[in-house]
Amino acid sequence: MGYPKIKQVRAYVIKGGEGGGGADYHDQGEGHWIDNHIATSMGRYPEYRQSRKSFGINVLGTLVVEIEADDGTVGFAVTTGGEPACYMVEKHFARFLEGRNPFEYERIWDQMYFGSQYYGRKGIVVNAISGVDLALWDLMGKLRQEPVYHMLGGAVRDELQFYATGARPDLAKEMGFIGGKLPLYHGPIEGDEGLKKNVELIADMRSRVGEDFWLMYDCWMALDVNYATKLAHKCHEYGLKWIEEAINPDDYWGYQQLKKNVPAGMLVTTGEHESTRWGFKMLLEMGCCDIIQPDVGWCGGVTELLKISALADAHGALVVPHGSSVYSYHFVITRHNSPFAEFLMMAPKADHVAPMFHPQLLNEPIPEKGRLKVTALDKPGFGVNLNPEVKLYRPYEH
Ligand SMILES: [Mg+2]
């Protein structure tokens, strides 16, 4: 069929302080809730307890991948990965795309993954693969003049509904979200006193939001099974809906145990730092959780998310992708086992709705009263543009 071939793949980094934030959403200015004493496994070192930036959470920066077709059409995507991912895209993965039909996304994905298997499989390599894959879907949508969600099978409902992640679930409720997910502030190193503060915060939020509003805790890999079990039981009386990413993502056996330990009805969720069908197979087949939360910019892109999602569906697990804005929305609207979406409150005080990937993307849709009509996604590709005012660097060429 008459589609143009891929002419060139280009990879750029957006450095912090020059339009930082965006896809590297931890790269925020001082005083932002996302970097205020959040529990992590680095909290055992007092010098790294107050700020995640102190141990380098924002060192990578945003990766921008552009894929240009012979007719001049350009697909693009943003994710994290920065300069190291630029190297992989330019020096390694570009060879699997240039001169090819862009609709051969299965073969392209397969060659990127198995061509880098000896050093890849997870982490930043799969971030880079995800960035290329998302840019490819954006290009396909632009060539067909169709939104990505059409190409994924079409919408199964008229609108998306969102819960909000941030420091102020009480304000999120007023803004119309269906729930609020708090970061956990105190890790095991802060002992019983820290545990008490964690429980008090949920109790306080419950008193502000009333009975029916969802409240969740995101533990960002900071806990051990024993602590997570205690936290789950102590928060149960305040209606904690789920406990997220409580322990080390490599400890599948720990998640399996935690899932058995939590009070009946409380959900265990995880997976934002998991990747590929093989990683999620471990979580699903070992019965580690109720909801998997792949990040479409990190798990292998849309091509891989479709496989992960089919596997989850067969295991009766929900798929609620981690953050990632339009890259998630075009998927969530097409799947019954993805009934709602996450919205990261990127306003420094979590007191209003701000575009998640600001300032890097233009035309990024945001929820109104916690909802977004599918018609907001009715543009070719992912329907967003790169902000020309954000400075791009291309550290490598091939
Ligand atoms: Mg999370």
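**Annotated binding-site residues and domain contact**

In the UniProt record, an unreviewed entry, the feature "binding site" is placed at Asp-218, Glu-244 and Glu-272. These positions are spread over 55 residues of sequence, yet they cluster in space, with a largest C-alpha distance of 11.0 Å. The model in which these positions were examined is a predicted one.

Asp-218 belongs to strand E6, which covers residues 214–218. Asp-218 counts as buried because 24 C-beta neighbours lie inside 10 Å, the cut-off for a buried residue being 20 or more. When neighbours within four places in sequence are left aside, the contacts of Asp-218 are Thr-165, Lys-181, Leu-182, Pro-183, Leu-184, Glu-244 and Glu-245. One of these contacts, Glu-244, is itself among the positions that UniProt lists for the binding site.

Glu-272 is found in a loop, between strand E8 (267–270) and helix H9 (276–285). Glu-272 is also classed as buried, since 23 other C-beta atoms lie within 10 Å. Beyond neighbours within four places in sequence, Glu-272 is in contact with Glu-245, Gln-293, Asp-295 and His-322.

The domain assignment of the protein gives two segments, 6–24 and 60–145, to domain 1, and residues 151–379 to domain 2. A distance of 26 Å separates the C-alpha centres of domain 1 and domain 2. The contact between them involves 23 residues from domain 1 and 19 residues from domain 2. On the side of domain 1 that touches domain 2, at least two residues each are supplied by strand E3 (74–80), helix H2 (105–115) and helix H3 (123–144). H3 provides the largest share of this side, with ten residues. By residue class, the side of domain 1 that touches domain 2 comprises ten nonpolar, ten polar and three charged residues.

A further position, Asp-27, was examined in the loop that runs between strand E1 (6–14) and strand E2 (62–69). Asp-27 is buried because 26 other C-beta atoms lie within 10 Å. Between Asp-27 and Gly-154 there is a separation of 127 residues in sequence and, from C-alpha to C-alpha, of 34 Å in space.

Methods. Residues numbered from 1 in each chain as written. Predicted model: local features only at pLDDT ≥ 70, side-chain atom pairs only at ≥ 80, totals over all residues. Helix = DSSP H or I, 4+ residues; strand = E, 2+ residues; numbered from the N terminus. Buried ≥ 20, exposed ≤ 12 C-beta atoms within 10 Å, placed from the backbone. Domains from an automatic or database assignment. Contact = placed C-beta atoms within 7 Å. Nonpolar A, V, L, I, M, F, W, Y, C, P; charged D, E, K, R; others polar. UniProt positions renumbered as here; feature names shortened; annotations may be inferred.
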